[in-house]
Every structure is written in C-alpha cells, then in structure tokens.
Amino acid sequence: MSLSFLILALLTLGGAVAAMTLHRLVHCVLALTVALAGLAGLYLNLGAQFVGLAQILVYVGAVAILIVFAVLLTRGAEIASQMDSSRQGRFSALAGGVATAAAVFAVLAWVVLHSPTLSAPAATMTQVAPQAAMQQIGDALMRRYVLPLEVMGLMLTAALIGAVILALEEKPEAQ
Amino acid sequence: MTQAPVQQLDQIFVMLKHWLVGYVPAAAQPVVSSLLSVVAILALFPALFAFTTVLERKGLGRMQNRYGPNRVGPFGLLQPLADGIKSLTKEDVVPRTADKAVHFMAPLLLVAASFLAYAVLPVGRNMAAVNLDAGVLYFFAVGAVAELAVFMAGWSSHNKYSLLGAMRAIAQMISYEVPLILSSLAVIMAAGSLSTVEIAGRQAGYSGIWPHWYVLTPWGLAGFLLFMIAATAETNRSPFDLPEGESEIIAGYYTEYSGFKFALFFLGEYLGMFAISGLGITLFLGGWSAPFSFLTWIPSWIWFFAKLLALIAVFIWMRGTLPRLRMDQLMNFAWKFMLPMALLVMVSAGVWRFLPHGVLRWIVCFVMIAVPYVLLGRGLLQGKKIGKRTYRFAE
Amino acid sequence: MLGEGIVKGLAETARNFLGSFVDEERLTTVEYPEERLPQAEAARNFPFLIYDGDDAEKGLRCVACQICEKECPPRCIHIEKSKDKKPDYVGKQQFYPAVFDIDVSVCMSCQICVEVCPFEAIRMDTQFELSTDDRFGGLLWTKAELAKTNEYYHSIHPTEAGETDARLDEEKAKVAAKAKPAEAEMQAKA
C-alpha cells in the first residue's frame, strides 16, 4: 500500500462520494470527473500508460463533456433541487443504493479473488516492462483481437450514422 | 568531459541539471531532478508568453500600417510589465449569483492543463522533461482537460451568453480534435512509436543535406497544414476565435472574469498555443534537428525555439490577415473538409511506407492527396454563392 | 475554394509588414506629443484679446462695450468698465476693461463674441492643451492671461489677421484723411 496508491484511492473515493451527496447537479458531474481522473491516476500508478491516458482522453475529455451537455441542454440542473426530500423517500433511496452497491461489490470481489493472476504464486509473476506495453497492445489489437476491433469500429460507425440520421430527420419536421 | 565544445553547448542544460542534482542526497535525486525540469518550464514559457504578447501587438500593428506599443521601454518591449501590473491591480469582480468554487477553479484548471502539456516536448537533444512511452497520447489527454475548464468558466458565470459561448467553444474544440489526432496518427504510423522523444529522434537523420523531416513528404506537408489549422482552432486563435470574439459582440465564456483571472485565461490560451506548436514541431518539423546537415553545429535547443518562434510568427500573421469564421462555417470546415483530408493523409502515409523509394511513391502519394483536395474544394463550393453581395431591394 | 484567396491575403499583409520597416510613408501614425498634426486655419478653441504694439494695457483694442458679455449664450464673460479713458488705435479716448474674465470651462466656442465685436478686439485661439488640476481657478482666465499680441494673431490665423489689419488701416486712413483738412483749417485760422 504505497503512499501514491492511498492518495489516489482517497481522491477517487472522495470524488465518488461527492458525486452522490452534492446538491447541485453540475457539482456532482464535476466530482464524478474527479473520480474518473483518480481512476486514471490509479492506472498510471500501475504502469499502464496507455489505459490511464486513454481513460483521461475518453472519460474526462469526452464522456464528462457529454454528461455536462446532457445536464445543460435539459432542465436537469433545476429539477435536482426539487427532489423528493421526504423521510420515506430518502430512506428507500438509500436502501436501494446500498443493496445495489453491495451486490456489485460482491460480484467484483468474487471475480478478482478467483482470477488467475491472484491465484498464481507471487514468485512466478513477472513484471511487464512498460517499454514494450504499447507495442504489445498494438500487436494484440492487430493480430489476436482484430475481429473485435473491426466489430467495434462497425458499431461506432453505426452509432455515428444513427446520430446523423437523427439530426437530419428533424429538418423536414422543422420545415 | 572530452566532448567537442559544440556538443557541450548543445547539452549545457542537461549537464547543468546533473551538476545541481549531484549536490542532493541520492534518495531525493529523482524528485529534485523533476523539480528542476518543472522550474525550467515554469520560468521559460511564461517569459515567452510575455514576449509574445508584445511581439503580437507590434507585429499586428506593422501589418496594419501602424506602430505597435512603443512607449514602455525601448521599442515598447517592457509593455508586458505594464500589462501585468494592470491585471494584478484590477478589482476581481465575481457576480453575486456565480458559483464561487467553480468560478475560481476554472482558470486554474486551464493553466494547469496547459502547463502539463509541456512535460513531453523534447526541447532539445535529451531535453524532454519526461520521456513517456505514450507521449503524444498524454499530450492529447491533457488537451482534453482544457475543454472541461472552458465549460466550467462558462457555466459558473451564471450568464446565458457565457454559457452559449462556452458550449460553442467546446463544440469547436471537440470537432477539431478529430483532424488534429488523425493527422498526428499519420506521423505515429510512420515513426512507429507514440513517444515524442523517439519521433524527434527519427527525424534527426540526413540524406545529403536534406533532413528526414516528415514535413518534406507529400503526406507530411498536407498533415502539417491540417495539424496547424486544427491547432489554430483548438487554441481559439483567429480566424477561429469566435468564442473570444463574441466578447466584443455579446459575451464570451470569460466575460465575467476580471483582473488576474482574466490574465490567467490569456496565459492558459497562449501556453496552449505554444504547446501545440511545440507538438507540431516535434511531429512534423523534426523537433530539435537542424534543417540542413551543415548547420548541426548550432545547439538543438536553439533550433527548437527558432522553429517555435517561426510558428508563432505564422499564427500572428494569420491573425492579422484572416477574418473570423462563423460557427457553421467552422463546423462545416472541420467535418466536411478536414476530416476526409485527414483520413486521406493517413492512407497516403501508409502507402508511402510500403512503396519502394523513388519518384513513384512521391507521385502516387501526391496525387492521392491533391486530386481529392481539388475535387473536395470545388465540390463544397457548389450551391454557395461566393462573390460580391447583391441586394434584392436596395439597388 | 482552394485557398488562393488566403494566400493572396497573406501576401498582402506580408507586404504591409515588410514595407512598414522600409517605407516611412506607410506608417501614418502621428506620435503625439512628440509630433503634432498642424491644425486647419479656421480651427478655433477659446477666445483671446488682441493688443497692438508691446504694452498689453496701452494697446488693448477692447473698449469694454460689453456687447460680447451680453451676447455670450452661456454668459461666461465678465467685464467691468474702467473709470478713466485711454486713447484707442485711431487716437480717440475710449473706456477700457478693468476686469475681463472668461470662464473657459463654461465657454462653448460658439464664436458669437467674435462675430459681434465691433472693435476687432476678441478672436478665437487654437490652443487645446489646457488641462489643469486647479479645479476652481485654473480655468477662469483674467485679462492678463487673455491678452495676446497682434503678431500672435497673425501667426495662428494669417488670412483673417490680414483682413482685420486691412480694415483697421482703412479706418485709420479715413480718420487721418478727415483730420488733415481739419488740421489745415486750424492752421489756416491760426
């Protein structure tokens, strides 16, 4: 448990807790961004440069902005302040949240504890040199996992075309 | 050290850093070494920013047939001092309904993101602050954080027009990130690495007197032009400065900022401009390598800064020449023109790599880019009447 | 849409930039306060009193008729007539102003005082660098500050001054012509 891991974990957890508890919706979004950035820091701490930087580029740079746009272009920012704050409502919301969190945590813990890396003895684990990590990822994407890569590309193209069609369809109605 | 004096001059800053770090106990040496690099960046680039503000005002003035500022100091060169004193002593007005925490943090986040980008730029031979394996990806990731700072500035001001300006700015920045990254992908493909130090190193060879810079290939030239246009749009420089030009008309996203925070926004914007020029130099213009093989005796860091100053001069030149683009013209340009051209540049780079050396690959790659350029240019012009304006009733 | 317009524009600005170092006429900036643009001849700012000769008291053309004081729209002129008289430019005994104050902060440069003066005594000056930090008395000008020589008037408004002097010389000639036969008569009688 090194100091950097502690700090980053606290940052991530703090951001996540703040995202749940802050009053104004845009503050919650910014706290979520902090949590995502903390996650990226954790990846970088583990030496996974590509994943960590891609996390910042995609999540902080694109997903957070998307959420922000969604909050702004709808009336979410105002509705949040009129939430149901009765005792009954708050208790049931809290209970539901805790139950979901416990279920997700249980599944993740089972998966992690039973994964091959943890069950193998520590002596046989070799450190992946970060020097070759980028090339390994590129190699794997282009050779072993090329079919999933192409399928993802197809899916993204379909999403893009769908977005364009959705935007186009509004024009005849507007006329 | 039995190096030639030329090499000593080239590595003088590296040797200075090693000498200073030698005085520190071994446990703290990595920290102090990084700290020295950080201090160098923090001292150098804001000084360059101050110099650029006065250069820009005088340059723009000369282009517009007038003097620039010439009262403060010889030829007005101490003008940044006066500007700094002015922005530090202005009252910091925060709107009553503004979101104080976010309003305070937005300029800080912008400046922090802009400074972070300098960590991977190889300013000279062996002179990158951090040699990341995924340097270019790091650079773009940090640039994406700047967009968030823009949104925070626009939203926290609690001003409709600031918000609109911020949303337009973000839309512009996101749209132009695509051609930016695609054109740098062509370079990454050619160099085979994401590390900026590696990419600069690969362009340091010479065939005869000509350097191996990527800009001296057809796809490199097109990629460089696309990169610079996208860079101009990313940093909200003229002619893509609609988000800040709106300040003159209605409001921009930093209209509710005054005094030092406003100065911080300007600092962040100019630092972003230098950083992205630096990346363009590293990717296309050979980084720290000299343009001709007989000029390698000039230190590498001088070449980097000479190229940086040249690119800054080009930015100022474009600002003085071109009128501002409208929002829809901006977006059309990014998605309908630059994105297809960037994809073609990538294909051309790939073809260049696999064709044998010779005239054939020059011709093929050039035609692969030039013909669609002409066709796309002509094609996008259909249906648009560009010429002297005619009025229906006023004649 | 191939970008040739952009290239032409860039060439134009480059020509401007490089030309501004080589060709002095490109930069039309007048670097005030080291250089000043010459004012038009009919420029006017605030009034001043004219005196002929060297002595501001003896040569003052103003005879305190107070027409300008009455005609001034914002009433910024304050005149007090003297008790005794002094000879004017043709030798006739006339009153003179003991006090002649113009409040320049009120004056609106309408030139009405100049138009109505029958004695060519008050004209418009062209000085504009008149800022002062004395809020109360700094812009209230007395006779001593207002009186300036006829040569000065010639230097700022040469054409007008030439015409005024021609008229005054005509008057003097007429008075002298009338005086000569009268003198000849007096001599003949004596």
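The side chains of B:Arg71 and C:Glu31 meet in a salt bridge, with a distance of 4.0 Å from N to O. This pair belongs to a predicted model, and the rule finds 2 salt bridges across the interface of chain C and chain B. Across the interface of chain A and chain B, by contrast, the rule finds 0 salt bridges.

**The interface of chain C and chain B**

- On the side of chain C, 20 residues are in contact with chain B, and 19 residues of chain B take part in return.
- Chain C and chain B bury about 1,800 Å² between them. Carbon and sulfur atoms carry 60% of this buried area.
- Between chain C and chain B, 8 residue pairs are in polar contact, counting pairs in which both residues have a pLDDT of 80 or more.
- The side of chain C that touches chain B is made up of 10 nonpolar, 7 polar and 3 charged residues.

**The interface of chain A and chain B**

- Chain A gives 22 residues to its contact with chain B, and chain B likewise gives 22 residues.
- The area buried between chain A and chain B is about 2,000 Å². Of this area, 80% lies on carbon and sulfur atoms.
- The rule finds 3 residue pairs in polar contact across the interface of chain A and chain B, with both residues at pLDDT 80 or more.
- Three elements of chain A give two or more residues each to the side that touches chain B: helix H2 (25-45), helix H3 (49-73) and helix H7 (130-142).
- Of the side of chain A that touches chain B, the largest share comes from H3(A), which supplies 14 residues.
- By residue type, the side of chain A that touches chain B consists of 16 nonpolar, 5 polar and 1 charged.

**The fold of chain A**

- Chain A contains 8 helices and 0 strands. Read along the sequence, its pattern is α-α-α-α-α-α-α-α.
- Chain A has 175 residues, of which 21% count as buried.

**Transmembrane regions recorded for chain A**

- An unreviewed UniProt entry places the feature "transmembrane region" at residues 47-73, 93-113 and 151-168 of chain A.
- In the predicted model, residues 93-113 of chain A are 100% helix and 0% strand, and the end C-alpha atoms of this span lie 30 Å apart.
- Residues 151-168 of chain A are also 100% helix and 0% strand, with end C-alpha atoms 25 Å apart.

**B:Ser114 in chain B**

- B:Ser114 is found in helix H5 of chain B, which covers residues 100-116.
- The relative accessible area of B:Ser114 is 8%, and the residue therefore counts as buried, since the cut-off is under 20%.
- The side chain of B:Ser114 reaches the backbone oxygen of B:Leu110 at 2.9 Å.
- Apart from its neighbours within four places in sequence, B:Ser114 is in contact with B:Gly268, B:Leu271 and B:Gly272.

Key. Residues numbered from 1 in each chain as written. Chains lettered and ligands numbered in written order. Predicted model: local features only at pLDDT ≥ 70, side-chain atom pairs only at ≥ 80, totals over all residues. Heavy atoms only, no water. Contact = heavy atoms within 4.5 Å. Buried area = accessible area lost by both parts, 1.4 Å probe. Polar contact = N/O pair within 3.5 Å; in protein donor to acceptor, adjacent residues only side chain to side chain. Nonpolar A, V, L, I, M, F, W, Y, C, P; charged D, E, K, R; others polar. UniProt positions renumbered as here; feature names shortened; annotations may be inferred. Helix = DSSP H or I, 4+ residues; strand = E, 2+ residues; numbered from the N terminus. Buried < 20%, exposed > 50% of the residue type's maximum accessible area, 1.4 Å probe, protein only.
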